[in-house]
Amino acid sequence: MAAPVPAPRTRLAFHPNNIHTTIKVYARCLRPDIEYKTLSVTWGTTAKEVVSTLLGKFRMRHRDPRLFYLSMEVRVRAAGLRTTLVLDDDARPAALQACHPKGYSKFSLQMRPGGLVKIYDSALMSSSQYKCLLTSERTTADELLAILLHCYDSTEGVERFSLYEVCPAQEYERKLHPDDLPLLVQRAWPSDSDCHFRVRRNPRAPPLPPRTIPLPEAEEEPSRALSALSLESDSDNRRYSPVYKFPSISYCRETKNDYLYI
């Protein structure tokens with residue numbers, strides 16, 4: 001006889017994202033006074049999510065998540081050996097821990113080599129002149145902008161800004177592609193170069209989300225009321241939404257963050 005199929009609720013209860021457990025992560029690389037941190041995770045939690053959670057727990061908004069990765073030390077009791085595995089970003093620490101007896105695996109936060117990048121960011125914060133960030137070789141320009149915005153608790157999106165490579169002596173300026181790697185770009189500069197990175201606001205960035213429009217007064221003109229409210233017809237049950245027209249903007253092939261409004 002075929003095995004009975006569990007009810008939908010039973011299958012949902014045993015989903016990997018619903019099974020909680022704890023893992024202990026040694027994180028002395030963040031600060032000398034931090035030995036380890038115990039985290040509550042699910043079997044579906046990835047190593048990348050564990051790194052982000054650790055940085056959030058210790059309020060290290062200026063730290064680049066790509067600088068860190070998880071390693072797993074596995075001890076083989078019979079042979080008396082210890083093996084250290086480097087976990088991929090999509091590895092699941094809780095599931096790996098369940099494959100070994102309790103106490104025979106150990107997770108540690110490790111740090112990749114990186115470099116300091118100096119960025120003039122007055123476009124983000126008028127009172128700031130520049131900020132130096134320790135980044136990895138794999139950090140992109142957009143990810144670097146996201147770290148800066150997070151440092152200032154900004155609610156604006158990354159698409160509203162761009163990172164520029166500026167060389168005053170050569171009268172040269174280049175807008176970095178969102179996927180460019182700033183640290184590798186900086187290492188290509190001559191040792192005596194005056195080149196630097198600067199954040200600029202995109203002149204053709206998408207507009208901010210519209211604010212809540214108050215209900216019009218009774219004496220307002222009908223045309224203004226229709227433009228501010230969504231109408232629903234009782235006859236054919238159709239919903240009409242206001243249409244906002246933006247000025248037409250030509251698309252520029254050299255910049256990826258420009259948007260075309262119709």
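Visitor: Where is the place of Glu 171?

Guide: In this predicted model, Glu 171 sits in the loop between E8 and strand E9 (172-175).

Visitor: Why does Glu 171 count as exposed?

Guide: The relative accessibility of Glu 171 is 77%. Exposed means over 50%, so Glu 171 falls in that class.

Visitor: What is the phi of Glu 171?

Guide: Phi of Glu 171 is positive, about 50 degrees, although the residue is not a glycine. Most residues other than glycine have a negative phi. Arg 59 also has a positive phi, near 55 degrees, and is a residue other than glycine. Arg 59 belongs to the loop between H2 and E3.

Visitor: What makes Arg 59 exposed?

Guide: Arg 59 has a relative accessible area of 74%. With the cut-off for exposed set at over 50%, Arg 59 is therefore exposed.

Visitor: How do you know that there is a disulfide between Cys 167 and Cys 195?

Guide: Their sulfur atoms are 2.1 Å apart. A pair of cysteine sulfur atoms within 2.5 Å is taken as a disulfide, so Cys 167 and Cys 195 qualify. A search of the whole structure finds one disulfide.

Visitor: Why is the disulfide of Cys 167 and Cys 195 called right-handed?

Guide: The torsion about its S-S bond is about 110 degrees, and the disulfide is therefore right-handed. Cys 167 is in strand E8 (residues 161-167), while Cys 195 is in the loop between helix H5 (182-187) and strand E10 (196-201), so the bond ties together parts that are 28 residues apart in sequence.

Visitor: Why do Cys 167 and Cys 195 count as buried?

Guide: Buried means under 20% relative accessible area. Cys 167 has 3% relative accessibility and Cys 195 has 11%, so Cys 167 counts as buried, and so does Cys 195.

Visitor: Which residues is Trp 189 in contact with, leaving aside its neighbours within four places in sequence?

Guide: Trp 189 is in contact with Glu 165, Cys 195, His 196 and Phe 197. Trp 189 lies in the loop between H5 and E10. From Cys 167, Trp 189 is 22 residues away in sequence and 9.6 Å away in space, C-alpha to C-alpha.

Visitor: Why does Trp 189 count as buried?

Guide: Trp 189 has 16% relative accessibility.

Visitor: Which residues of H4 are buried, and what covers them?

Guide: The buried residues of H4 are Ala 141, Leu 144, Leu 145, Ile 147, Leu 148 and Leu 149. Their cover includes strand E6 (114-120), strand E7 (131-136), E8, H5 and E10. After H4 comes Asp 153, with a positive phi near 55 degrees.

Visitor: How do you know that E6 and E10 pair?

Guide: Two bridges link E6 and E10 in the parallel sense. Pairing needs at least two bridges, so E6 and E10 count as paired. Tyr 120 is opposite Arg 198 in E10. E6 and E7 are antiparallel and share six bridges, with Gly 114 opposite Ser 136 in E7.

Visitor: How many bridges join strand E3 to strand E5?

Guide: Seven bridges join strand E3 (residues 68-76) to strand E5 (residues 105-111), and the two run antiparallel. Val 74 has Ser 105 of E5 as its bridge partner. E3 also pairs with strand E4 (residues 81-86), in the antiparallel sense over six bridges; there Ser 71 is opposite Val 86.

Visitor: Which residues lie nearest the centre of the largest pocket?

Guide: Of the 20 residues lining the largest pocket, Ser 52, Leu 55, Asp 64, Pro 65 and Arg 66 lie nearest its centre. The pocket holds about 380 Å³ of space. Helix H2 (47-57) and helix H4 (141-151) each supply at least two residues of the lining, and the largest share, five residues, comes from H2.

How values were computed
Residues numbered from 1 in each chain as written. Predicted model: local features only at pLDDT ≥ 70, side-chain atom pairs only at ≥ 80, totals over all residues. Heavy atoms only, no water. Helix = DSSP H or I, 4+ residues; strand = E, 2+ residues; numbered from the N terminus. Buried < 20%, exposed > 50% of the residue type's maximum accessible area, 1.4 Å probe, protein only. 1 Å grid on protein atoms, 1.4 Å probe; cavity = no way out; pocket = protein on both sides within 12 Å on 5 of 7 lines; lining within 4 Å. Points joined across faces, edges and corners; volume = space filled by probe spheres on them. Contact = heavy atoms within 4.5 Å.
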